[in-house]
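The structure is shown first.

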Amino acid sequence: MQKASKIILGIDPGTLLMGYGLIAVHGSELKLLHMDVLKLSSKLDNYQRLEKIHHRIAELIHTYKPHECAVEAPFFGKNVQSMLKLGRAQGVAIAAAMQAGISVCEYAPKKVKQSITGNGNAGKEQVMKMLQSLLQFRDSPKYFDATDALAVAVCHYFQGHAITSATSPAKKSARKSDSWTAFVARNPSRVRKPS
């Protein structure tokens with residue numbers, strides 16, 4: 001097998017469950033290298049969990065030598081304490097990658113779902129099914145955090161390549177519409193006239 005031109009590490013940060021996924025890029029082909037989760041005990045204090053997150057990311061970087069890292073941005077909820085903890089977990093993961101000299105990009109959850117399925121509100125199972133089709137793997141992971149992280153890595157790949165080519169499944173399956181005017185021009189029968 002040819003050497004990968006690029007390896008991308010995707011991370012779905014969490015304080016009790018952190019997902020990670022790695023893909024190899026061979027030309028325009030993607031291959032799943034590894035995906036899993038880091039389960040963190042709730043009995044550990046916050047700083048011990050952050051240390052374990054840093055250690056696992058450093059381990060993955062040492063083993064797989066990724067060229068780039070993509071991290072899912074925290075979802076903004078109402079619980080400020082949860083957001084603070086999640087932000088710390090994300091920060092530690094980013095710091096581990098940057099310490100190894102790896103560039104990091106951040107993607108909002110909706111952007112990741114949109115990139116993978118064509119729908120920013122897609123469910124986790126829909127994202128997983130699309131990834132199974134795209135990366136040719138059968139086994140469903142025990143936790144969606146693993147496929148969420150894998151989706152972040154694939155999204156990062158598409159963001160770098162889909163702009164000039166139609167590599168994204170979302171781009172292949174959906175016709176690009178620049179505006180409502182363009183849509184109406186292509187679909188005059190779908191326009192309703194006011195009564």
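In this predicted model, the lining of the largest cavity is made up of three nonpolar, two polar and three charged residues. That cavity holds about 70 Å³ of space.

**Cavity**
- The structure has one cavity of 30 Å³ or more.
- Its lining consists of Thr-15, Asn-46, Arg-49, Leu-50, Ile-53, Lys-85, Arg-88 and Ala-89.
- Helix α1 makes the largest contribution to the lining of the largest cavity, with four residues.

**Packing of α1 and α2**
- Two packed helices are described by the distance between their axes and the angle between them.
- Helix α1 spans residues 46–64 and helix α2 spans residues 80–99; their axes come within 9 Å.
- The axes cross at roughly 35°, and the crossing is right-handed.
- On the α1 side, the contact is made by Asn-46, Leu-50, Ile-53, His-54, Ile-57, Ala-58 and Ile-61.
- On the α2 side, Lys-85, Arg-88, Ala-89, Val-92, Ala-93, Ala-96, Ala-97 and Gln-99 take part in the contact.
- Sorted by class, the contact between α1 and α2 has 10 nonpolar, three polar and two charged residues.

**Residues in both lists**
- Asn-46, Leu-50 and Ile-53 of α1 belong to the helix contact and also line the largest cavity.
- Lys-85, Arg-88 and Ala-89 of α2 likewise belong to the contact and to the cavity lining.

Note on methods
Residues are numbered from 1 along each chain as its sequence is written. This is a predicted model: local features need pLDDT of at least 70, side-chain atom pairs count only at pLDDT 80 or more; totals for chains, interfaces and linings use all residues. Side-chain values use heavy atoms; hydrogens and water are left out. Axes are lines fitted to C-alpha atoms, for helices over the stretch in contact, and angles run from 0 to 180 degrees between N-to-C directions. Helices (H or I, at least four residues) and strands (E, at least two) are DSSP runs, numbered from the N terminus. A crossing is left-handed if the near helix is turned anticlockwise from the far one by less than a right angle, and right-handed if clockwise. Contact means heavy atoms within 4.5 Å. Ala, Val, Leu, Ile, Met, Phe, Trp, Tyr, Cys and Pro count as nonpolar, Asp, Glu, Lys and Arg as charged, and the others, Gly among them, as polar. On a 1 Å grid over the protein atoms alone, a cavity is a set of points where a 1.4 Å probe fits but cannot get out, and a pocket is an open set with protein on both sides within 12 Å along at least five of seven lines; lining residues have an atom within 4 Å of a point. Grid points are joined across faces, edges and corners, and a volume is the space filled by probe spheres set on the points.
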